[in-house]
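Morning, everyone. Please have the sequence and the model open while I talk.

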Amino acid sequence: MQGVTEKHGYFIIGKEVQRVDAFQKVTGQAKFVADFDMKDMLYGVLVLSKYARARVKKIDVSKAKILKGVKAVLTYKDIPGENQLGEVVADMPCLVPEGEEVRYHGDVVALVAADTLKIAKSAAKLVEVEYEELTPILTIEEALKNEYKVHPNGNVLTSKRIRKGNIEAGFADSDVILEDDFYAHYQEQAYLEPQGILATFDNNYGITIYGSMQCPYYVQSAVPKVLGIPMNQVRVIQAETGGAFGGKEDVPSYVASQCALLAYHTKKPVLLVYSREVDIQTTSKRHPIKSHYKLGLSRDGKLKAVEITAHMDMGAYATLSPIVMYRSLVHAASAYDIPNVKVDIDGVYTNKVPCGAFRGFGSPQVLFAMESMVSEAAKRLKMDPIDIRMKNALRVGSRTSTDQVLTESVGAVKTIEHAVKISNYDELKRQVIEFNEKNKFKKRGIGVSHIIYGVSLGAAGQHLDAAGALVQVHRDGTINVHFGNTEMGQGAKTVISMIAAEALGQKMDKIRVDNPDTSYVQDSGPTVASRTTVFGGNAVKSACESIKSRMAKHFAKTRKVPIDEITFENGTVKTSNGEEEDFGKLAQECYDANVKMIERGWFVSPKLYWNPETGIGEAYITYAYATQIVLVEVDMLTGRTQVIEGYTSHDVGKKLNPVGLVGQVQGGFVQGMGYGLFEEIKTSSGKILTDNFNTYIIPTISDIPKKLVIDFVEDDYSQGPFGAKGIGEPSLMPTPAAVANAISDAIGRRIKRIPATQEYVMNLIEEVK
Amino acid sequence: MLVRFNLNGENIEAEAEDDERALDFLRRLGMKSVKEGCGEGECGACTIIVNGKNVVSCLMLAPELDKTEVWTVEGLSAKGKLDPIQKAFVEVGAIQCGFCTPGMVMSAKAFLNKNPHPSEEEIKKGMEGNLCRCTGYFKIVDAVKRAAGEG
Ligand code: FES
Ligand code: FES
């Protein structure tokens, strides 16, 4: 920073701090959207499709409308603006019109608002819809035949590819070639707080929307379109958000459009909170992906060629699929230096729940397949799974599978070394052999995975990759920070407070980070892709630094000291000659001298070159890496698997908030473990059967491993705030693959499907017999 | 019917519908810490303490609260001072999104009242009814251990 001495040590960055929102949350004062009470508030309910595919012949709302307490029953006819939603492709009706098709069980045909939730639910049952049932497309294979079409233009929406090197030559040059098929199923985000929006109508202003969401700016662009009003009449304020994991990226735009319609027509505040069942039935999941992998290697384990074809089940609407696919594409060959890479991915429509964003964003499915192949190759070559990864790992100067040259912050090798060290790998292997010799009906296995994560949105999302902030230092030295990214449990507010404190030199408890409000900060893109620390963080940092520099100038002038000898640290401003002032007192002086104490910050991603035809280019601004080792125990009589120990090393660039990082990795590990083992969406004729926590089983406190050792590698990223990259998604990504590899190791058969449910594992065990 | 009960140390009377869930009734009385995550007794977000026992309020009817003693998180820190369990949750970082937190705290409270010096296995058994999707539970175990150590 100009004019002020740069310090080497940090007083708050990297230190153990308490979450800034912990007190409100632990006392029950934190306000989630369902906790808002407004005078004359109405309750909203959806009327959903009864079929996976059918033509809507007639919608009759007359009986519902006359029920006492009902204030509105809306159909497509009541939409003043466009009846078309979709963040990437506008292929989804807000309310399905008569004469058109419902395309999955969660399509919405009508909306109800009433004085109480009970009345609204009763009224929803009175809406009569006449359908003509049609043959639904329920599998990728059926979809590819294109006999029936989910949308008029055919069932394959988009295809993406990578062509690096010469694939034929790569295989010709290989000593060993392996091929296999893999399948990764759905996963439900299962945030504990269901989707919810409160929309209020104000004659003078328009509509204000509060809600549980990751991306207020998505909501702010969707709602005006549906209501046919300009953007400046829609203000979006994020409420406390009870977990999201990608599930509240674009979905809240749809929930908000429904809710805003009800508010628009009733001129009353309307609260629309999904029941768990409606949430699971209607909202987007992790994509099922079928893939075929072919690997070529030299005898000594060097990867020569990888060829991949994959199909993603997008469900009935595109939602975010095209960009999810981009991440699947770039991550399909994982974290290795491979000269010849060919990848083809298709996104396929079916008459099922739409799939979209979920922590990892299309990568855990392909990483599971690739990492299974790499471990299988090691087995074939009689190599250790660690050694084969070390041999092919990315280093500074390596080229990724999109031929991007890595120039800095490549901690990949270090994560492998650390994982080996923290797991005491050789001893762990010895113990497993010993255990397996002694036990007949219980077998243990070790699984390794090594992954790459492209930070932020990448070349395909550059138009969204900027973020803003608004920082104001008050005359008492306290600070308000507005930024454009959201806190959803991951600790964004805490890390932003730390960055602001460090950049200003003020104490952390003087900083308040407000929930995003679209009327304060310019569109800062979505809060996804583990981009908040880098993007929001940099924007906040630059705003803080401008204010600090003005405060320093004032201090230098009034104390007659050279500006480059002033330091700001933890609430005190000092010079080398012993002159000292409290940050708050200096703020007051600045106010008295009319110094500008408010500032905006803006951070734009470095521009990336990308060729969509060849999939060659700078796919992401930088990458994070991780290596994980897990120990499982499989009951050979039942097929039940338990993860006993986990060891995970993550390259994060720089640790800003170590407590928060550990929390992210613990949560990501357990969520990834659930995906690897037992979280199973079951459907019948396209309808989800597992629509609450009694049937969709997520990990409980009893399922967690006895031991989870977490390690961080620091290899500064020059463009990150204080050198940091991201952690949100890499925390989950290695786990499904590591768990699958460990089960394969334990039972001596390759796991080719996740979740590797008890039933699936048992079948494999039986096959061996 | 008119429900007379003791809520967080205060005697209360309030009208309730016969089929009203205790969850909705308490929220209507301002106890917004009582969260609904599933409505089916599976997630524990709506956990309250009734006559010393942790129960899920989504499966209980408001009239059943008549003549009982009920505690929610609002009652634990009524005077602005955190209960040792709340303190432990904050200090070890057992809170992320916070949606499960009030239910977790109430389950931990009832559990530690019964078993003040639990083993790790006992903590896991005791807290099994409360789901958390954010933390992976490790720090929740730590928080209950820490609260037990200080209690
Ligand atoms: S809401 Fe009561 S247990 Fe989930
Ligand atoms: S902290 Fe989010 S569900 Fe527990």
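This is a predicted model: local features need pLDDT of at least 70, side-chain atom pairs count only at pLDDT 80 or more; totals for chains, interfaces and linings use all residues.

Residues are numbered from 1 along each chain as its sequence is written, chains are lettered from A and ligands numbered from 1 in the order in which they are written, and side-chain values use heavy atoms, with hydrogens and water left out.

How many residues of chain B are in contact with chain A? There are 42, and they touch 51 residues of chain A; contact means heavy atoms within 4.5 Å. The two chains bury about 3900 Å² between them, 60% of it from carbon and sulfur atoms. Buried area is the accessible area (1.4 Å probe) that two parts lose on being put together, summed over both. On the chain B side, B:Q96, B:R133 and B:F138 supply 22% of the area that chain B buries against chain A, more than any other three residues.

The interface also has 5 salt bridges, a salt bridge being a side-chain nitrogen of Lys or Arg within 4 Å of a carboxyl oxygen of Asp or Glu. A:K118 and B:D19 form a salt bridge through their side chains, at 3.0 Å from N to O.

Now the helices, which are DSSP runs (H or I, at least four residues) numbered from the N terminus. In chain A, α9 (residues 321–331) packs with α10 (residues 363–380). A:R327, A:S328 and A:H331 in α9(A) meet A:S363, A:V366 and A:L367 in α10(A). By class, these contact residues are 2 nonpolar, 3 polar and 1 charged, where Ala, Val, Leu, Ile, Met, Phe, Trp, Tyr, Cys and Pro count as nonpolar, Asp, Glu, Lys and Arg as charged, and the others, Gly among them, as polar.

Technical notes. Axes are lines fitted to C-alpha atoms, for helices over the stretch in contact, and angles run from 0 to 180 degrees between N-to-C directions. Helices (H or I, at least four residues) and strands (E, at least two) are DSSP runs, numbered from the N terminus.
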